[in-house]
Amino acid sequence: MLTTYSVRDIGIAAAVAVPMSVPFFTSPPGHVTVFGWIFNIGAVLPLVWRRRAPFAVGVLVAAFATLVSLHHRPGQMLQYSALVAIYTVADLGTRRQRLGFLWAIILTFPPASLLLKNNDADEFMFTIGLPLAAYLLGTLARTNRDRAAALAAGAVAEERNRIAREMHDVLAHAVSVMVVQAEAGPVVLRSDPDK
């Protein structure tokens, strides 16, 4: 059975698949390989399960995205699937998983950008800045969700306290009325027994 999240994740994977498949249709003849197809599909398909297993999907997508970059037949100028995976780990991963991914980005992207891709300064900053921006956006999404949950919990607690105060006031009034009636009972009994 497909849930709303599953449908969304399938849509995200499909949206990522579109730009990732463009090089297959625009590359010169003979440049596209079977491994290129396999690596690109491997970099996109796991995104369907990104909410169920964010860290495992992140590692899998990162591995295939690396293979896409190294194989480069056809290559990708921008690893869209890796950006989605980084965002997802930063949003839904545990603290340890998030820190592990952040350190992996910090330690592997700069040397890969300089040594493997031979990027100039602008491309280097783009290669480093984009994954860090995806990580930051995932962190902001998680922080906003946690903040909203805390605000909702505070509102629920405040409403419970208000109801408790009102119930206390109603019960205190009812008990006061009962006490007054109980104290007035013997007086009324002497003066007007039928009443």
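A crossing of helices is left-handed if the near helix is turned anticlockwise from the far one by less than a right angle, and right-handed if it is turned clockwise. All views show a predicted model, in which local features need pLDDT of at least 70 and side-chain atom pairs count only at pLDDT 80 or more, while totals for chains, interfaces and linings use all residues. Residues are numbered from 1 along each chain as its sequence is written, and side-chain values use heavy atoms, with hydrogens and water left out.

**View A. Helices H3 and H4 pass each other in a left-handed crossing.** The axes of H3 and H4 come within 9 Å and cross at roughly 155 degrees (axes are lines fitted to C-alpha atoms, for helices over the stretch in contact, and angles run from 0 to 180 degrees between N-to-C directions; helices are DSSP runs of H or I with at least four residues and strands are runs of E with at least two, numbered from the N terminus). On the H3 side, Pro54, Phe55, Gly58, Val61 and Ala65 meet Ser81, Ala82, Ala85, Thr88, Val89 and Leu92 of H4 (contact means heavy atoms within 4.5 Å). The residues of this contact between H3 and H4 divide into 8 nonpolar, 3 polar and no charged (Ala, Val, Leu, Ile, Met, Phe, Trp, Tyr, Cys and Pro count as nonpolar, Asp, Glu, Lys and Arg as charged, and the others, Gly among them, as polar).

**View B. The crossing of H1 and H2 is right-handed.** The axes of H1 (residues 4-26) and H2 (residues 34-44) come within 10 Å and cross at roughly 160 degrees, which makes H1 roughly antiparallel to H2. From H1, the contact draws on Ala13, Val16, Ala17, Met20, Phe24 and Phe25, and from H2 on Gly36, Trp37, Asn40, Ala43 and Val44. Sorted by class, the contact of H1 with H2 holds 9 nonpolar residues, 2 polar residues and no charged ones. Within H2, the buried residues are Gly36, Phe39, Asn40, Gly42, Ala43 and Val44 (buried means under 20% relative accessible area, exposed over 50% and partly exposed in between, with a 1.4 Å probe and protein chains only). The cover over these buried residues of H2 includes H1, H3 and H4.

**View C. H1 and H4 have axes that come within 9 Å and cross at roughly 150 degrees.** With that angle, H1 is roughly antiparallel to H4. Ile12, Val16, Pro19 and Met20 of H1 make the contact with Tyr80, Ser81 and Val84 of H4. The contact of H1 with H4 contains 6 nonpolar residues, 1 polar residue and no charged residues.

**View D. Met20 of H1 and Ser81 of H4 touch each other.** Met20 is buried, with a relative accessible area of 2%, and Ser81 likewise counts as buried, at 0% relative accessibility. Leaving aside neighbours within four places in sequence, Met20 is in contact with Asn40, Ala43, Val44, Gln76, Leu78, Gln79, Tyr80 and Ser81.

**View E. Gln79 lies in the loop between helix H3 (54-71) and helix H4 (80-92).** At 13% relative accessibility, Gln79 counts as buried. Residues up to four places away in sequence being left out, Gln79 touches Met20, Ala65, Val68 and Ser69. The side chains of Gln79 and Ser69 make a polar contact of 3.4 Å (a pair of N or O atoms within 3.5 Å; within protein, one must be able to donate a hydrogen and the other to accept it, and residues adjacent in sequence count only if both atoms are side-chain atoms).

**View F. His72 and Pro74 belong to the loop between H3 and H4.** Most residues other than glycine have a negative phi, and most peptide bonds are trans. Phi of His72 is near 55 degrees, a positive value in a residue that is not glycine, and this His72 counts as partly exposed at 36% relative accessibility. A cis peptide bond, with omega about -5 degrees, joins Arg73 and Pro74.

Technical notes
Angles under 35 degrees count as roughly parallel, over 145 as roughly antiparallel, 65 to 115 as roughly perpendicular and the rest as oblique.
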